[in-house]
Amino acid sequence: MRIVVVGATGHIGTHLVPRLVGAGHEVVALSRGTREPYQPHPAWESVERVVADRDAEDAAGTFAGRVADLRPDAVVDLVCFTEGSARHLVEGLRGTGAHLLHCGSIWSHGPSAVLPLREDDAKHPVGEYGTGKAAVEALLLAETRGGGLECTVVHPGHISGAGWPVIGPLGNLDPAVWTALATGAEVLVPGLGAETLHHVHADDVAALFAAALGQRRAAAGEAFHAVAERAVTVRGFAAEAAGWFGREPRLRHVSWEEFRAATAPEHADASWEHLWRSQVASPAKAREVLGHEPRWTTAAAAREAVAWLAGAGQVDLGGRQLAGAQGVSRAQSC
Ligand SMILES: NC(=O)c1ccc[n+]([C@@H]2O[C@H](COP(=O)([O-])OP(=O)(O)OC[C@H]3O[C@@H](n4cnc5c(N)ncnc54)[C@H](OP(=O)(O)O)[C@@H]3O)[C@@H](O)[C@H]2O)c1
């Protein structure tokens, strides 16, 4: 197949493009060309690179035509955030026979009520991002149901891997939390620590996209969560991370007001956005329909990220070493 990946050099694309090349596909990688993949891979040498700014070309009304002119059998759209942008691409691809795979988010679900969340649950998203993702999903699935373009939606959890900061046990990117857990310092936890976080390794997201590409008939008109087998609670995640250093976490449970007073606003806001939602997304449909099994647990994916961050000097582990984890069986760990 000839596959166009839109937004090809980020978290997902870094893993997806080599997977697709390795499976024998002809890959066109589209991005603005401001960055390279997180890890080099020889597969990139055989990839056609297209430099384009999707936002600018959406605004000019030329993006969908550019993608259609690439004559794709499939398009993996990793950077679509609004219904208007999705509609434009659908209209450009309709009638070409292409399969459109869109990257959504578990935030297309709102604050959780019944867990685990299922793909066909009624969605009550909050905020521009989640609302936009839910609107795109509704548009794409209706398009397929109506006999138009065949579309598939993949909803990742918090994407983790080597090369970028990972959402930590408090639901934020504060590197000081990893330092505290590594060194035995106290960590202020807003509330009980019973709230949930659900990660996914970027390579597991890539594997799910690859599975959907390879099973178009089963995937068309469907949405799938891309998440680790199980989610974690704040306290469970903190205990797991402290355990990497042979420690118990020293957690002090405080009110949200106390937490906000002691925490930089961007970290406190990120914690609120994640913990308020407290999502746990079921991975069952991807397994049942596509045979997709996530290889990484939340803790293993986070550990790989923290090991990389420490090696890159972006997280201070107080002089302690941390080896990255390989993907581990879903039966192990959290
Ligand atoms: N991060 C998470 O935890 C998370 C969780 C759930 C869902 N998601 C979804 O994952 C998707 C993002 O995938 P990712 O995390 O792999 O992306 P990413 O790491 O943010 O990388 C974005 C990719 O898109 C390119 N890009 C950005 N803006 C562009 C533009 N205007 N035109 C063309 N290319 C552009 C970037 O390269 P250039 O900068 O060179 O253009 C890069 O290749 C989004 O749909 C997001 O909603 C993310």
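Which residues does Gly 193 touch, not counting residues up to four places away in sequence? I looked it up, keeping in mind that this is a predicted model. The list reads Thr 233, Val 234, Arg 235, Leu 251 and His 253.

Next I checked where Gly 193 sits. I found Gly 193 in the loop between β8 (186-190) and β9 (196-197). Buried or exposed, I wondered about Gly 193? Gly 193 counts as buried, because it has 20 C-beta neighbours inside 10 Å and the cut-off for buried is 20 or more. I also took one partner from the contact list, Arg 235. Gly 193 and Arg 235 are 42 residues apart in sequence, yet their C-alpha atoms are 4.9 Å apart in space.

Then I moved on to the ligand. I got 23 residues around the ligand, and the closest are Gly 7, Gly 10, Ile 12, Arg 32 and Arg 54. Two or more residues of this shell come from each of α1 (11-22), α2 (54-60) and β7 (158-160). The top giver is α1, with three residues. I sorted the shell by class too: eight nonpolar, 10 polar and five charged.

Last entry: domains. The domain assignment gives me domain 1 (2-159 + 200-226) and domain 2 (162-198 + 230-278 + 296-311). Their centres, taken over C-alpha atoms, are 29 Å apart. Where they meet, 13 residues of domain 1 are in contact with 11 residues of domain 2. On the domain 1 side of that contact I noted five nonpolar, seven polar and one charged residues.

How values were computed. Residues numbered from 1 in each chain as written. Predicted model: local features only at pLDDT ≥ 70, side-chain atom pairs only at ≥ 80, totals over all residues. Helix = DSSP H or I, 4+ residues; strand = E, 2+ residues; numbered from the N terminus. Buried ≥ 20, exposed ≤ 12 C-beta atoms within 10 Å, placed from the backbone. Contact = placed C-beta atoms within 7 Å. Near = placed C-beta within 6 Å. Nonpolar A, V, L, I, M, F, W, Y, C, P; charged D, E, K, R; others polar. Domains from an automatic or database assignment.
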